[in-house]
Amino acid sequence: IYSDFSGAVNEFHHQPGPGFGAELSKYLSGNIDAGADLSFAWLLGSNHAPRFSANGICHYMTEPVTEPVQYTTRLYGPKIFARYHFLPRLNESPVNLYLKAGVGILFYESELFYKYRTEDKFIFGKGLGENKTTQVSNVVYILGSGFCYNVGSRVKFITSLNLNFVNYDFLDMVHNYDDAGTRRQITGLFSELNIGITIQLEKSMVPFMRKVKKSYPVRHLPFAR
């Protein structure tokens, strides 16, 4: 979407990509928990009849790209978040809805290549191959909602639908320009559906949180026998 929310631009047919991650969180109150996670995800897309606004302008498209192309963008990085649960932690209802907000850093490993390429070459890339040292990273802002379902006393099924905002037009590997050839200010937007299991841990189950019992040497008074 344009950064001033005046419209949107989409130059690819996007397909869903896989992703996975793990998180660790702690309840700060009966309704609020906060934590951190590390996630990995892939964005995929193609265009069989490209008419990119970057053709003839961007340095890697000085020769216009007209053949079918694909892109792959691998995103990974840490995030911190907080969730507000509509029902308190110790409620008896098996289902609990929540809202989520967070912020993090995304690192990119991306490539744009011809769909029918005969060699393992790409048109443009970042963080891969000969462009390995050209690392791209951005701040990402997350808004989402979901629900938890109690499976057992310590186990919950959890799902969420999140919107991720990145202040950069690089998610699909192609920069965007207007009719005058000026680079557009774009906010990248992608959604993610998370499904998983959460396990509640007690302090006694986590080694570094266990209380260590101190032992003291037995001392006898001078007149003890």
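## Basis of the model

Residues are numbered from 1 along each chain as its sequence is written, and side-chain values use heavy atoms, with hydrogens and water left out. Because the model is predicted, local features need pLDDT of at least 70 and side-chain atom pairs count only at pLDDT 80 or more, while totals for chains, interfaces and linings use all residues.

## Overall make-up

The chain has nine strands and zero helices. Both kinds of element are DSSP runs numbered from the N terminus, with helices (H or I) needing at least four residues and strands (E) at least two. Of the 225 residues, 35% count as buried. Buried stands for under 20% relative accessible area, exposed for over 50%, and partly exposed for values in between, with a 1.4 Å probe and protein chains only.

## Salt bridges

The whole structure holds five salt bridges, each defined as a side-chain nitrogen of Lys or Arg within 4 Å of a carboxyl oxygen of Asp or Glu. One of them joins Glu23 and Arg83, with the closest N and O atoms 2.8 Å apart. Glu23 lies in strand E2 (residues 19-27) and Arg83 in strand E4, so this pair ties together parts that are 60 residues apart in sequence. Glu23 is partly exposed at 38% relative accessibility, whereas Arg83 is buried at 5%. Glu23 and Arg83 also belong to a network of salt bridges with Asp33.

Asp37 and Lys79 form another salt bridge, at 3.5 Å between the closest N and O atoms. Asp37 is in strand E3 (residues 32-47) and Lys79 in strand E4, so the pair links parts 42 residues apart in sequence. Both residues are buried. Asp169 and Arg183 meet in a salt bridge at 3.0 Å, N to O. Each lies in the loop between E8 and E9, and the two are 14 residues apart in sequence. Asp169 is buried, with a relative accessible area of 6%, and Arg183 is partly exposed at 35%.

## Positive phi angles

Most residues other than glycine have a negative phi. Phe5, not a glycine, has a positive phi of about 60 degrees. Phe5 sits in the segment before strand E1 (13-15) and is exposed, with a relative accessible area of 67%.

Met173, also not a glycine, has a positive phi of about 75 degrees. Met173 is in the loop between strand E8 (155-166) and strand E9 (188-199) and is buried at 0% relative accessibility.

## Nonpolar surface patch

A nonpolar patch on the surface has about 990 Å² of accessible area, and its residues include Leu28, Tyr84, Phe86, Leu97 and Tyr149. Patch residues have over 30% relative accessible area and no salt bridge; nonpolar side chains (Val, Leu, Ile, Met, Phe, Trp, Tyr) are joined within 5 Å, and like charges within 9 Å. Areas come from the Shrake-Rupley method with a 1.4 Å probe, and for residues only the protein chains shown count as cover.

E5 and E7 each give two or more residues to the patch, with the largest share, three residues, coming from E5. Tyr84 is in strand E4 (residues 69-85) and is partly exposed at 39%.

## Second largest pocket

The second largest pocket holds about 260 Å³ of space. Of its 17 lining residues, Arg89, Asn150, Ser153, Lys156 and Gln200 are the closest to its centre. A pocket is an open set of points on a 1 Å grid over the protein atoms alone, where a 1.4 Å probe fits, with protein on both sides within 12 Å along at least five of seven lines; lining residues have an atom within 4 Å of a point. Grid points are joined across faces, edges and corners, and the volume is the space filled by probe spheres set on them.
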